[in-house]
Amino acid sequence: MTGREKETGVTRPKPARSVSPALSEPPKKVAKTPSGSSSLRAISTPPLTDENGFKLRKVYVDAQKMSAYQRMGGDDNKNNLTGYPKHRTMRDEEEDTHYIVDGPLRRVEPYYFTYMTHCKERWRNKNILDVFSTEFRLFPRSHYLQALESGGVSINDNVANVNSIIRNGDLISHRMHRHEPAVTSRPIKIVHEDENYVVIDKPSGIPVHPTGRYRHNTVTLVLEREMGIKAHPCNRLDRLTSGLMLLGKNGKAADEMSKIMKQRQVTKQYVAKVVGEFPNETTVVDKPLVTVDPKLAFNTVDEKNGKPAKTVFKRLSYDGETSIVLCKPLTGRTHQIRVHLQYLGHPIINDPVYSSPNIWGPNLGRGGDFDLAEVRRKLSQIGKTKPATTWLHPNTDGELLSGEECEICHTELYTDPGPNDLDLYLHAYKYASRDKSDKVDAKFMSGDMEVAGEEIEPWSYQTELPDWALVEQRKYMAMALEEAKKCEATDTAFCVGAVLVNSGKVLATGYSRELEGNTHAEQNAMEKYFAEVGKRDVPPGTELYTTMEPCSKRLSGNLPCLDRILELNGHISTCYVGVMEPSKFVAKNVSYEKLMEKGISYIKVPGFEKEALEVAEGRADGSRKPKESLP
């Protein structure tokens, strides 16, 4: 729901935008025979498109024109079609529903829906009941048997039965009373929008587009019905993954961005919260992946049969129990980041597939050490007879079959989803165009694959970090802000606070001019720690929290804080800042570029900018402001 809607309420989805009145199936082209006469046959017929240039599947158009009664065999099957409306299209039936926001959940009232799908290659020449019961996990075999025996399934508009064989090109249809699972009610945030694209921050716990059990409860349909934005995704995120998504608002724009992504002209950065102390050094996992069971969405490393997959990881912070890790996938396999993290022994802490000790044992599948058949058996029970469990939530309620039936269709109903069904601490943080001359992130991108295609206009989008990635960071930034408030204000310099942290422990604090001379906060924190341990170094993996961006230039001749950080040879791995330095005293601070170039992560902690700037300028109480002068 949007931020303007109440915590609980009911909204009716806006009707789906109709296909342009001018839309019709293009005529078959006329081809010349060798004798010169004309004959009608299909010659590369252009695809159907809507008014925005998006391609339309033939079944989508059929749903707008045909009733389920027609699709399921019509009068030839009328004895089995009691209650099927003859004069309502399949699309009319599908749209006859409401959104209901119920606290943390978004629900959809049940509605009638006609599934239509063409034969997939792996279904060819197979029995329809066998295909239904092995390909679709939603219902048991008995449900599909009953649907076939009652005339509820058709092939090419003809009634199917339990002995029907699916052939290449067949259209299989099945009408049902649909019960969509509840999803998160957290809002979809707009990061950027123009005439061609909308960039969003997708919440965890909602699918991107209609698939499986979901249709109305998806990002694309919520955008269209509640925000009036019709767009197609250019990149995909799993239902549980949150973060940055680019969507095209017309067919040409969507195709162009999708092409750019396929050519690997886009760098992607994700943030994850993982089990244990992740290695401080940059870690590269180059392990092929295979889908073990698509019905279970279960993937694993397979050196023999897997497809190439490569991910670069870098630790941002460690709190003594879990780590925040920056992840950069160089390929795009299903669950790539999640499986590679598990392989390292550091699965995402609330991953319902890859982090549960109940499924993987105490080593959590590290190094591929697990019993494949046993893991597969246990995963098949999740969401059916047992709720999902994770390292973070080993014992919690979640979605599973309830034992209760729908009064209309007698389908067994599911319970509401729980925390492990709605959240995954994996977030798409930043997407940016990439060219071969880009030096920023060069160290982090070592071992990268070749960039294909032509150079494109530079662009970059990022979201704020999610709350789960900022729990410790906000605590230490608040501590740095308290340090800044200790600083005696002057008319010639900022008041800044700094904190050094390693493995969840504070090493030292400092504030501007705390030590003798015109000293800076980061400098003072470092010098205090050096004096305590007797050497000019900090432990590897140290995090620096500073209320203002470290200076890159000191006109007084003192060593800039940027250079002090770089002198420690990467032992400060992450720099968290409260506000970027204004160009009041020194123009163009280049700390961000220099630190990122050396592989030191640089992250702004949201929510501190206003107060950090007020304190920096000596006006925390709104009373004064420094003069324009040099440090």
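The model is predicted; local features need pLDDT of at least 70, side-chain atom pairs count only at pLDDT 80 or more, and totals for chains, interfaces and linings use all residues. Residues are numbered from 1 along each chain as its sequence is written, and side-chain values use heavy atoms, without hydrogens and water.

**Confidence.** pLDDT is the predictor's confidence in each residue, from 0 to 100. Its mean over the chain is 87. A value of 70 or more is reached by 86% of the residues.

| Stretch | pLDDT | Contacts |
|---|---|---|
| Residues 436-453 | under 50 | 36, beyond four places in sequence |
| Residues 621-631 | below 50 | 28, beyond near neighbours in sequence |

Where pLDDT is low, the predicted coordinates should not be read in detail.

**The second largest pocket.** A pocket is an open set of points on a 1 Å grid over the protein atoms alone, where a 1.4 Å probe fits, with protein on both sides within 12 Å along at least five of seven lines. This one holds about 670 Å³ of space. Its lining (residues with an atom within 4 Å of a point) has 30 residues. His143, Gln146, Arg175, Cys409 and Thr411 lie nearest the centre. The lining divides into 12 nonpolar, 14 polar and 4 charged residues.

**A strand pair.** Strands are DSSP runs of at least two residues, helices of at least four. Strands pair if DSSP finds at least two bridges between them. S13 (residues 189-193) and S14 (residues 197-202) pair in the antiparallel sense over 4 bridges. A hairpin of 3 residues joins S13 to S14. Ile190 has Ile200 in S14 as its bridge partner.

Definitions and conventions:
Points joined across faces, edges and corners; volume = space filled by probe spheres on them. Nonpolar A, V, L, I, M, F, W, Y, C, P; charged D, E, K, R; others polar. Contact = heavy atoms within 4.5 Å.
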